[in-house]
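Look at the structure shown below and keep it in view while reading. The text goes from one part to the next.

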Amino acid sequence: MRLNKTSKKNYLTYAIVIVAYVIMQIVAGGGHLSSSLKGMLVPICAYVVMAVSLNLTVGILGELSLGHAGFMSVGAFMGTTAAIALQNAIPSAPLRLTVALIVGAVFAAIVGFLVGIPVLRLNGDYLAIVTLAFGEIIKSVFNNLYLGIDANGIHMSLLEDKTNLLEGGKLIIAGPMGIGGIKKIANFTAGFVLIMICLVVIFHLVNSRQGRAIMAVRDNRIAAESVGINVTHYKMMAFVTSAAMAGAAGALFALNYSTIVANKFDFNTSILVLVFVVFGGLGNMLGSVIAAAALTILPEALRSFASYRMLIYAIVLILVMLATNNPTLKGFFASLRGRFDKNSEKEASAS
Amino acid sequence: MSFLNFLISGISLGSIYAIIALGYTMVYGIAKMLNFAHGDVIMVGAYVCFLAVSKSGLPPVVGILAAVVVCTVLGMVIEKLAYKPLRQATSLAVLITAIGVSYFLQNAALLLWTPNPKIFPALFARTVDGKKVTGFQLFDGQLRISYVTVITIIACIIIMVVLTLFTSRTRTGKAMRACSEDKGAAQLMGINVDTTISITFAIGSGLAAIAGVLLCSAYPTLVPTTGSMPGIKAFTAAVFGGIGSIPGAFIGGLLLGVIEILAKAYISTQMSDAIVFLVLIIVLLVKPAGLLGKKISEKV
Amino acid sequence: MKKVFAFALVLAMVFALCAPAYADGAIKIGGTGPLTGGAAIYGMAVKNAAEIAVEEINAKGGIQFELRFEDDTHDAEKAVNAYNTLKDWGMQISTGSVTSKPCEATSAETYADRIFALTPSASSVATVTGKDNQFQMCFTDPNQGSASAQYIADKKLASKVAVIWKNDDVYSKGIYETFMAAAPGLGLEVVSDTTFNDGNATDFSVQIADAQSKGAELVFLPMYYDAASLILTQASAAGYAPIWFGVDGMDGILSLEGFDTSLAEGVYLLTPFNADSDDEATKAFVAKYQEKFGEIPNQFAADAYDVVYAYAQACEAAGITADMSAEEICDKMIEQFTSMTFNGLTGEGMTWAADGTVTKSPKGMIIENGAYVGID
């Protein structure tokens with residue numbers, strides 16, 4: 001079977017994710033994995049999903065979003081609420097986790113759709129600032145939202161706790177205090193499965209008729225429109241898919257900690273995910289996966305530098321951006337790759 | 001009367017946003033990059049002024065000058081080391097580098113000056129009967145206006161006029177506008193694009209120093225993260241007014257401040273941020289390029 | 001090319017994280033707190049004071065401690081990461097986390113791993129509830145809220161009260177809630193209730209005007225002193241001079257560099273620690289802290305100092321040695337802390353309930369001539 005270049009790359013991405021998962025499982029199974037790394041596995045998975053989903057918006061759709069953490073927030077809060085509310089109804093933790101991820105994704109998709117209506121009418125930096133604005137609004141809303149559950153069902157109020165729960169009721173989201181006492185049901189395998197699902201969805205989308213339409217819109221909106229592509233429709237499709245994945249990532253992330261607050265998902269988190277995407281390369285899903293993992297581990301690995309840790313992190317960030325965009329270095333690596341490709345071709349023809 | 005007081009508070013806050021937004025918009029207009037480190041240059045300016053005035057006991061004017069000089073040099077150094085090598089790279093790569101610079105400045109400040117808050121000295125106050133007076137009153141004390149507000153607004157207007165004249169009348173200013181329109185064509189016309197962009201950064205950072213001094217004079221708690229939130233708000237203000245437009249930044253900043261204060265006063269202190277951003281979204285839907293932004297028709 | 005870079009980074013880091021831990025003669029105490037970012041001041045205070053206490057205790061020659069403090073940037077996720085790093089290092093006792101939400105996250109971990117934790121300053125109830133090995137050195141938030149209301153009513157300071165609180169902060173919200181619950185029963189009328197958050201913690205004109213126009217005689221400020229200093233400055237400029245009432249977060253306002261202490265004249269606060277106290281131990285601690293770090297320690301520092309000394313006392317009483325496992329130590333510590341009495345900088349005769357909360361009475365202080373004066 002002859003594979004074209006894109007599908008080769010897609011299979012490589014799957015392969016690397018699977019190999020990483022298997023290696024981690026073997027190392028962990030042997031008890032050689034440090035608690036530090038073990039504790040980071042689930043957040044890494046969540047950040048990887050965040051990165052590939054944002055890459056869909058920024059790299060494939062070509063629109064800069066500065067509010068991606070907002071969708072993560074929606075997924076985290078709604079997914080966790082579902083998990084807590086269904087604690088007794090669904091005793092099986094993996095099943096409850098699945099339901100929570102789906103709930104998170106669905107709510108994030110709905111919010112993504114609502115946000116998308118105004119956002120996708122704008123362009124460039126104006127679009128970016130509106131996504132930032134929505135991210136901040138979502139944060140504000142969750143900081144003031146009270147949601148409880150009792151025998152009469154779900155009660156919700158804004159600004160003040162007016163839920164008036166009956167005896168035995170439970171206040172789940174408590175405004176600025178967020179959600180506390182979460183049962184930690186997220187695990188590495190669930191994270192791995194979520195990454196794989198997201199990659200499959202994205203690769204299929206990109207290689208489909210719809211995906212080509214989305215990229216046509218990115219490359220030249222007017223030309224795309226002139227050949228009859230419904231620009232808004234395709235933009236919305238990519239945007240909502242991306243939001244849904246971020247929602248699932250948020251639910252996975254939240255269910256890995258005993259507590260979650262709205263301020264976690266602020267502008268800085270949106271920027272952090274954007275850093276993963278740019279670091280890994282626009283439209284390059286494998287790059288996003290690796291960058292998200294690397295940059296999540298980096299500040300932890302720098303702990304031995306004590307108070308200079310974040311300073312060094314900043315310097316590494318700047319240096320890598322400079323190095324990867326340096327024409328001389330780029331040329332050098334391109335020539336290396338060229339030689340490598342030639343060699344492999346020779347080998348192929350020899351065999 | 002309380003409405004007038006709120007309006008004055010809003011203008012006072014807005015004028016601070018405006019002066020930060022002027023620096024943002026200037027750099028964006030010419031270098032076409034979102035300089036997320038701008039807010040942190042502001043913080044550095046405030047610290048320099050604080051050290052000069054409170055620690056070394058220098059007069060306020062010297063403190064402000066020192067802040068301007070240090071920030072201008074800092075801005076040029078940052079530009080040379082971090083942004084210049086990325087001239088050919090995508091705008092997103094530059095954006096991420098700017099974020100790196102922002103982290104760097106914040107953490108360097110944390111190490112240099114510790115996280116403990118410093119109270120910025122009252123530079124704009126006079127002493128009456130042994131008491132410091134920071135503003136004047138109208139209508140039997142029902143209306144209070146602080147000197148900082150007046151000075152900030154005057155500074156804003158002066159900077160706005162000078163920048164407008166500078167970009168429209170001087171050779172360097174014209175070169176800047178040429179670069180912002182088309183770098184390649186500007187180069188062909190014999191304009192040194194690199195130098196022009198460096199000058200833009202120098203001016204933008206010098207403005208940041210003044211903004212830092214005024215910000216901390218109005219709201220005197222100074223910590224290493226002082227610049228980041230006002231930086232984001234000012235960025236929003238710049239977009240609100242139409243990014244790249246100098247009068248737009250002024251109007252955007254003022255409006256943002258006034259809306260923020262009025263939303264707090266008459267709607268809800270809890271949701272004021274959400275309301276501010278909601279107004280921003282509505283404005284951008286009606287005027288997709290901001291209040292005073294140029295609508296660029298796309299070439300087909 | 002970027003990938004090659006990133007991949008090499010990942011590999012290098014995975015190896016860096018696998019450093020082995022070994023034990024020597026000292027008991028390993030670990031803690032997390034914000035050492036960078038906006039909340040760094042609290043983490044640094046705890047770290048510095050704990051270092052002083054460990055040095056002093058080790059110099060005495062008896063029980064030996066080794067302290068490691070990791071940065072959590074005031075974030076639950078990073079706090080768990082920091083906690084795991086400490087676990088790899090071989091932490092035997094924990095000082096939890098400095099701030100409330102991160103401590104809530106790490107306390108779930110210390111509970112599951114059976115590592116004893118006594119937090120100096122994480123005051124939310126959720127930090128200790130339902131976890132038998134989690135203890136606090138500070139008052140819980142509800143305790144402070146109701147104590148403040150009680151104090152205001154008892155001393156008849158005011159009947160019309162305004163509250164300004166921080167809407168995205170667990171600490172502030174926790175105190176606010178219990179204050180609001182207690183106020184009506186004590187004859188306090190809350191006439192103005194306004195908030196601020198991280199995004200707009202600069203301009204307080206609206207909050208001040210609201211309290212002023214509604215005739216509040218006292219303004220309750222459940223927040224940290226950095227925001228409070230701005231409120232005091234702006235209220236003074238607006239010509240509003242009510243009675244100000246703060247909680248333990250207000251402590252530190254007098255040592256703010258460059259702060260005009262006359263603005264804080266007459267401010268009431270409930271705090272367990274007074275850096276100006278005549279008490280010998282406090283004097284020695286303040287002098288040492290100032291010499292080493294060039295600042296006057298705040299209440300976070302004092303709590304952290306007490307935590308280490310409480311550990312020393314408990315370890316000695318229970319005969320704990322460095323070769324015991326964390327789990328063994330944990331059980332002994334629970335036994336000690338629920339039975340012992342401790343005298344420290346932040347209180348005399350402190351005891352702990354089985355639910356992990358400390359019993360010590362907050363001291364009412366008033367600021368006069370730029371110094372705290374006790375009012376009981």
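This is a predicted model. Begin in chain A, where strand S1 (residues 145-150) and S3(A) run antiparallel and are joined by four bridges. Within S3(A), A:Ala174 is the residue that stands opposite A:Tyr146. Helix H3 (residues 68-85) of chain A packs on the sheet and touches S1 and S3 of chain A. The direction of H3(A) makes about 170 degrees with that of S3(A).

The sheet is an open one of three strands, in the order S2-S1-S3 (chain A), and its pairing is antiparallel. Strand S2 (153-158) and strand S3 (170-174) of chain A are the edge strands, since each pairs on one side only. From one strand to the next, the twist averages 20 degrees.

Next, take a helix of the same chain. Helix H9 (residues 231-254) of chain A has 24 residues, which at 1.5 Å a residue should span 34 Å.

Chain A touches two other chains. With chain B, 33 residues of chain A are in contact with 37 residues of chain B. On the chain A side, helix H5 (124-143), helix H10 (267-280) and helix H12 (309-324) are the elements that give two or more residues. This side of chain A has 25 nonpolar, five polar and three charged residues.

The contact between chain A and chain C takes 40 residues from chain A and 36 residues from chain C. Among the elements of chain A that give two or more residues here are helix H2 (35-60) and helix H13 (327-350). Helix H11 of chain A gives the most, with ten residues. By class, the chain A side that touches chain C divides into 19 nonpolar, 16 polar and five charged residues.

Now move to chain C. Strand S3 (residues 93-97) of chain C and S4(C) run parallel and are joined by two bridges. C:Ile93 has C:Phe116 in S4(C) as its bridge partner. Between the two strands, the chain passes through helix H4 (residues 100-113) of chain C, and this β-α-β crossover is right-handed. Three bridges join S4(C) to strand S5 (residues 134-136) of chain C, and these strands run parallel. Here C:Thr119 stands opposite C:Gln136.

Are the faces of S4(C) covered or open? In a regular strand, side chains alternate between the two faces of the sheet. Strand S4 (residues 116-119) of chain C has C:Phe116 and C:Leu118 on one side and C:Ala117 and C:Thr119 on the other. These residues are all buried, and both faces are covered.

Terms used. Residues numbered from 1 in each chain as written. Chains lettered and ligands numbered in written order. Predicted model: local features only at pLDDT ≥ 70, side-chain atom pairs only at ≥ 80, totals over all residues. Expected span 1.5 Å × (residues − 1). Contact = placed C-beta atoms within 7 Å. Nonpolar A, V, L, I, M, F, W, Y, C, P; charged D, E, K, R; others polar. Buried ≥ 20, exposed ≤ 12 C-beta atoms within 10 Å, placed from the backbone. Pairing = 2+ DSSP bridges. Right-handed = clockwise from strand over helix to strand, strands pointing away. Axes fitted to C-alpha atoms, helices over the stretch in contact; angles between N-to-C directions.
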